[in-house]
Amino acid sequence: MGTNGSTMLEPLRQGLPPLNLAAASDAASCALPACYEAVREARRFTRGTLDQWDLGDRFDDVCLVVSELVTNALRHGLPAGTPRPTAPDLPVRLHLMRWTGRLVCAVRDPGDDSPVARGPDDSSAESGRGLFLVESFSDSWGWHPMAGALSGKVVWALFRLPRPVGHPCPGA
């Protein structure tokens with residue numbers, strides 16, 4: 001994880017069900033370019049990470065949610081006309097974190113506007129149904145502004161994972 005990893009993850013405690021971030025069994029993150037190829041890169045990163053964590057069977061749902069979160073970050077979280085940055089710390093970052101019974105996908109972007117979910121019947125909206133899909137395919141989702149010196153926000157989605165047979169730890 002990059003140098004901003006622990007700073008970025010700290011505010012996740014505010015909106016998520018109780019999770020001990022220090023007890024995460026796995027965490028991975030990647031910086032994404034400010035262009036729509038980033039969605040393909042996010043899917044590739046998610047596939048590789050879930051395969052590594054032996055969660056490939058959850059790929060379809062998780063990948064759909066990751067695609068929507070990254071698309072929203074690119075569409076709504078970047079200032080208009082943002083060029084593809086060449087700096088090593090790109091403005092959109094995908095984080096995947098796994099506990100025994102939960103997987104969290106979090107996307108950070110520099111935008112300050114709150115995400116707004118629209119229902120499937122909102123025919124007046126030409127876009128904005130992505131968060132409805134996030135809500136439909138994940139167990140819960142939310143967002144929060146970044147804390148401290150980092151500007152922007154984090155939008156996250158949580159997936160409950162089946163507990164391994166005989167696993168004694170209910171709080172993971």
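Visitor: What do helices and strands mean here?
Guide: Helices (H or I, at least four residues) and strands (E, at least two) are DSSP runs, and they are numbered from the N terminus. Residues are numbered from 1 along each chain as its sequence is written, and side-chain values use heavy atoms, with hydrogens and water left out. The model is predicted, with local features needing pLDDT of at least 70 and side-chain atom pairs counting only at pLDDT 80 or more, while totals for chains, interfaces and linings use all residues.

Visitor: How many salt bridges are there?
Guide: Side chains of opposite charge can pair when their charged atoms come close. A salt bridge is taken as a side-chain nitrogen of Lys or Arg within 4 Å of a carboxyl oxygen of Asp or Glu. By this rule, the salt bridges number four.

Visitor: How many residues apart in sequence are the parts that aspartate 26 and arginine 98 tie together?
Guide: Aspartate 26 forms a salt bridge with arginine 98, their closest N and O atoms being 2.2 Å apart. Because aspartate 26 lies in strand E1 (residues 26–32) and arginine 98 in strand E2 (residues 92–98), the pair ties together parts whose separation in sequence is 72 residues.

Visitor: Which helix holds both arginine 44 and glutamate 41?
Guide: In this salt bridge, the closest N and O atoms of arginine 44 and glutamate 41 are 2.8 Å apart. The two residues are three apart, about one turn of the helix, and both lie in helix H3 (residues 37–52).

Visitor: By about how many helical turns are aspartate 51 and arginine 47 separated?
Guide: Aspartate 51 forms a salt bridge with arginine 47, with 3.5 Å between the closest N and O atoms. Because they are four residues apart in helix H3, their separation is about one helical turn.
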